Amino acid sequence: MKPIPSSELILNPNGSIYHLYLLPEQIGDIILTVGDPNRVELVSRHFDKVEFRMQKREFITHTGQLNGKRISVISSGMGTDNIEILMTELDALVNIDLKTRTPKSETRSLSIIRLGTSGALQPDIPLDSLLVSNYAIGLDTLMCFYDLPQSPIEQSIVKNLRLDLQLPFTPYAVEADQSLKQQFAHDMVPGNTITCPGFYAPQGRKLRLAPKNNEYIDTLVKFEHKGFKLTNFEMETAGYYAMAHLLGHKILSINAIIASRISHEFSSNPQKTIDKMIETVLERI
């Protein structure tokens, strides 16, 4: 097999993958991800021991042991552009021989769980609850550059959402891994998460600049297609779900609901909710 060129598979002088600055032996089989680099320590402090630490740009990695299992926690930064880098390089660490630059004959599947924060779009989702993203809907354009298979129901959902939002492109929809959902989130609020390409206008916020579509939030809240409703939004989940689906990894996104866009409330103690999410997931590993 012809080696992948150095311009495509970029390695550092020590042989590590370019952005993450990691070697294959420096990650576990279970990967927990957080957006904020400061939250890595909030997760790894619960490990029985931390064996390895690395920081490169916004990507911070701690790998260690918890109850006899080797796990990693990695920060991604914000946005699906960062998620594409993270997921592609994690996959390269386990499914490409970095020395020969050739894909391995047998692929390895990682279990990846995003621990994030989110704002609720429906009035019946309690503030400070934990929500699991059964589906993620991407309002970003990342999947315009990949060939993502879509089921008929997924195609129908995003087609109708595009029309309702008057978007110039078609969103994408991807489902969570159901085995991870059963293990880690069986008792959490089930939801369908919108992933936005920004924090302000793409999430309907107005400071000095107003969103182009004045009915944007109201359209998301009222959207329904054969019982499918949108429950919350953030900036990464759809990128995770799509890249994991394409690369053959298990993926799940869990969200601490720290804001309600309907009642205009924000959690009085968001850190408590984030800590509860971290502790709940770690207890179930």
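This is a predicted model: local features need pLDDT of at least 70, side-chain atom pairs count only at pLDDT 80 or more; totals for chains, interfaces and linings use all residues.
Student: What makes Phe 145 count as exposed?
Tutor: Its relative accessibility is 67%. Exposed means over 50% relative accessible area, buried means under 20%, and partly exposed is in between (1.4 Å probe, protein chains only). Phe 145 has 67%, so it counts as exposed.

Student: Where is Phe 145 placed?
Tutor: Look in the loop between β8 (130-138) and α3 (152-165). Those labels come from DSSP runs, numbered from the N terminus: helices are H or I with at least four residues, strands are E with at least two.

Student: Which residues make the nonpolar surface patch?
Tutor: Phe 145, Tyr 146 and Leu 246 make it, and the patch covers about 310 Å². Patches take residues with over 30% relative accessible area and no salt bridge; nonpolar side chains (Val, Leu, Ile, Met, Phe, Trp, Tyr) are joined within 5 Å, and like charges within 9 Å. The areas come from the Shrake-Rupley method with a 1.4 Å probe, and for residues only the protein chains shown count as cover.

Student: Which residues have the most contacts inside the largest nonpolar core?
Tutor: They are Leu 32, Val 43, Leu 90, Leu 115, Leu 252, Ile 254 and Leu 282, in a core of 63 residues. Helix α2 (residues 80-95) gives the most to this core, with seven residues. Apart from it lies another core, of 21 residues, and Cys 196 is among them. A nonpolar core is a set of buried Ala, Val, Leu, Ile, Met, Phe, Trp, Tyr and Cys residues joined through side-chain atoms within 4.5 Å.

Student: What is Leu 252 in contact with?
Tutor: Leaving aside neighbours within four places in sequence, the list for Leu 252 includes Ile 112, Val 132, Phe 184 and Tyr 241. Contact means heavy atoms within 4.5 Å.

Student: Why is the pair of Glu 51 and Arg 70 called a salt bridge?
Tutor: The rule asks for a side-chain nitrogen of Lys or Arg within 4 Å of a carboxyl oxygen of Asp or Glu. Here the N to O distance is 3.0 Å, and the side chains meet in a salt bridge. Glu 51 is in strand β2 (residues 49-56) and Arg 70 in strand β4 (residues 69-75), so the pair ties together parts 19 residues apart in sequence. Glu 51, with a relative accessible area of 38%, is partly exposed, and Arg 70, at 30%, is partly exposed too.

Student: How many salt bridges are there by this rule?
Tutor: The count comes to seven. Another pair is Glu 236 with Arg 114, whose closest N and O atoms are 3.8 Å apart. Glu 236 lies in the loop between β13 (232-234) and α6 (237-247) and Arg 114 in strand β7 (residues 111-120), so this pair ties together parts 122 residues apart in sequence.

Student: Are Glu 236 and Arg 114 buried or exposed?
Tutor: Glu 236 has a relative accessible area of 7%, so it is buried. Arg 114 is at 4%, so it counts as buried as well. Arg 114, Glu 234 and Glu 236 are linked in a network of salt bridges.

Student: What about the phi of Asn 67?
Tutor: Asn 67 has a positive phi of about 55 degrees although it is not a glycine. Asn 67 is found in the loop between β3 (59-66) and β4, and with a relative accessible area of 56%, it is exposed.

How values were computed
Residues are numbered from 1 along each chain as its sequence is written. Side-chain values use heavy atoms; hydrogens and water are left out.
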